[in-house]
Amino acid sequence: MRTQVGIVGAGPAGLMLSHLLHLHGIESVVLECRSREYVEHRVRAGVLEQGSVDLLCRTGLGERLQREGMRHEGIELRFDGESHRVPMTELTGRAITVYGQQEVVKDLIAARLAAGGRLLFEVDDVRPEGLDTDSPVIRFRRDGREEELHCDFVAGCDGFHGVSRAAVPAGVLTTYERTYPFAWLGILAAAPPAVDELIYARTERGFALYSLRSPEISRLYLQVAPDEDIADWPDERIWAELRARLETVPGWSLNEGPILEKGITPMRSFVVEPMQWQRLYLAGDAVHIVPPTGAKGMNLALADVALLGDAFAAWYGEGRTDLLEGYSATALRRVWRAQHFSWWMTSMLHRLDGQDGYEAKLQSSTLRYVATSRPYATSLAENYVGLPEV
């Protein structure tokens, strides 16, 4: 096969890049090791920044998002038995929208297939080769047959465990990483949310987050030890701990219901520089991961490929090389801003191993400063809803 841009990975980054290239008249083929059903139903992030919503809408993908997405104009912070709202839209003029990653993926797949896009699912043994030449090739197996995809460029959008980053020779990339001493136990529950906006709660028992996915489905998280066994958390224990950490405001209680899914996610920060090598361009989780506290993961992936789409359009349309050459440096400015914000939110809200009274008081003081200082609250808000430019 022959195309202009070969894309490895059918998550939000790879699919959005393919969609953007199509709008610019540039051909692409997307290779994905999982099935279409799997990628359309894996539950991941659920908060879209204002910029992500704008991107989806202006590229023709906003119809269902605008109908089903839930716009939030603030978040709630709970600590020391108090509740404080951060009015994000009042402070910044922008908002977030709750719309699950799997819904974004469904919309992108439908749009690409409707436009005749080539999406190849359930391929294996993917090997990007010749990346330091003008004619890279991606070798892979499909239905037991060896195949080749010849292209001008390769976009690696295949996540942390993907093959694209590993195709870069040793010594080229520099890794910056931090592993946190806790994890999140997350559940999806068939329970109408008892909130209109997300609740971030810091307690002596640990952090908790009350989120939502629809008017009927709640998404909730608990801070747990990184080596915690999900088998040790029956539904009754989960609900009891959620009540203990969230029902700290008089007269308020959460809604309970059957737990549909549950799992434990480790917390880490990870960045690789540069995000490009020769004819390979990396995006999304393949080159950066943030703790979910700041709701940045999917948004960073979409911001990466928005840059890449413009860079490829400039190369094919005008023969310009500057945007492709500057892709990594430009993208990393936003990546590091999001890294700092996610680290800051995580450090402010989670109980740390061996935490003494001094550290706990500092966390409370920081939260109270957010609650009482308009400039400090504005800083949180503008980072949370997404900075227009970094």
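**Entry 1. Alanine 115**

I began with alanine 115, which is partly exposed at a relative accessible area of 37%. I use buried for under 20% relative accessible area, exposed for over 50% and partly exposed for values in between, with a 1.4 Å probe and protein chains only. The model is predicted, so I noted that local features need pLDDT of at least 70 and side-chain atom pairs count only at pLDDT 80 or more, while totals for chains, interfaces and linings use all residues. Residues are numbered from 1 along each chain as its sequence is written, and side-chain values use heavy atoms, with hydrogens and water left out.

I located alanine 115 in the loop between helix 6 (101-114) and strand 8 (118-120). Helices (H or I, at least four residues) and strands (E, at least two) are DSSP runs, numbered from the N terminus. I then looked up histidine 19, which is 96 residues from alanine 115 along the chain, and found their C-alpha atoms separated by 9.1 Å.

**Entry 2. Glutamate 32**

I found glutamate 32 in the loop between strand 2 (28-31) and helix 2 (36-41). Glutamate 32 is buried yet has no salt bridge. For a salt bridge I require a side-chain nitrogen of Lys or Arg within 4 Å of a carboxyl oxygen of Asp or Glu. The nearest side chain of opposite charge is arginine 42, at 4.5 Å; Lys and Arg count as positive, Asp and Glu as negative, and His and the chain ends are not counted.

I listed the contacts of glutamate 32, taking heavy atoms within 4.5 Å as contact. Leaving out residues up to four places away in sequence, glutamate 32 touches Gly9, Ala10, Gly11, Val39, Arg42, Leu120, Phe121, Glu122 and Val123.

**Entry 3. Salt bridges**

I recorded a count of 32 salt bridges and examined three of them.

Glutamate 63 and arginine 67 meet through their side chains at 2.3 Å, N to O. Both lie in helix 4 (residues 63-68), and because they are 4 residues apart, about one helical turn separates them. Glutamate 63 is exposed, with a relative accessible area of 54%.

Lysine 106 and glutamate 103 form a salt bridge at 3.4 Å, N to O. They are 3 residues apart in helix 6, which again puts about one helical turn between them. Lysine 106 is partly exposed at 25% relative accessible area, whereas glutamate 103 is buried at 17%.

Arginine 268 and glutamate 177 form a salt bridge at 2.0 Å, N to O. This pair links distant parts of the chain, with arginine 268 in strand 17 (residues 259-273) and glutamate 177 in strand 13 (residues 174-189), 91 residues apart. Arginine 268 is partly exposed at 23% relative accessible area, and glutamate 177 is partly exposed at 46%.

I also traced a network in which salt bridges that share partners join Glu63, Arg64, Arg67, Glu68, Glu103, Lys106 and Asp107.

**Entry 4. Helix packing**

I turned to helix 8 (residues 297-318) and helix 10 (residues 327-349), which pack at about 160° with their axes 10 Å apart. Helix 8 is therefore roughly antiparallel to helix 10. Axes are lines fitted to C-alpha atoms, for helices over the stretch in contact, and angles run from 0 to 180 degrees between N-to-C directions. Angles under 35 degrees count as roughly parallel, over 145 as roughly antiparallel, 65 to 115 as roughly perpendicular and the rest as oblique.

The contact involves Leu300, Ala303, Asp304, Leu307 and Leu308 of helix 8, together with Tyr327, Thr330, Ala331, Arg334, Val335 and Ala338 of helix 10.

Helix 10 also packs with helix 12 (residues 374-385), at an angle of about 120° and with axes 10 Å apart. Helix 10 is therefore oblique to helix 12. Here I noted Arg337, Phe341, Trp344, Met345 and Met348 of helix 10 meeting Tyr376, Leu380, Asn383 and Tyr384 of helix 12.

**Entry 5. Backbone checks**

Most residues other than glycine have a negative phi, and most peptide bonds are trans. I found a cis peptide bond from glutamate 273 to proline 274, with omega near -10°. Proline 274 sits in the loop between strand 17 and strand 18 (276-277).

Aspartate 125 is not a glycine, yet has a positive phi of about 55°. I placed aspartate 125 in strand 9 (residues 124-129) and recorded it as partly exposed at 41% relative accessible area.

Aspartate 143, also not a glycine, has a positive phi of about 55°. Aspartate 143 lies in the loop between strand 10 (137-142) and strand 11 (145-150), and is exposed at 66% relative accessibility.
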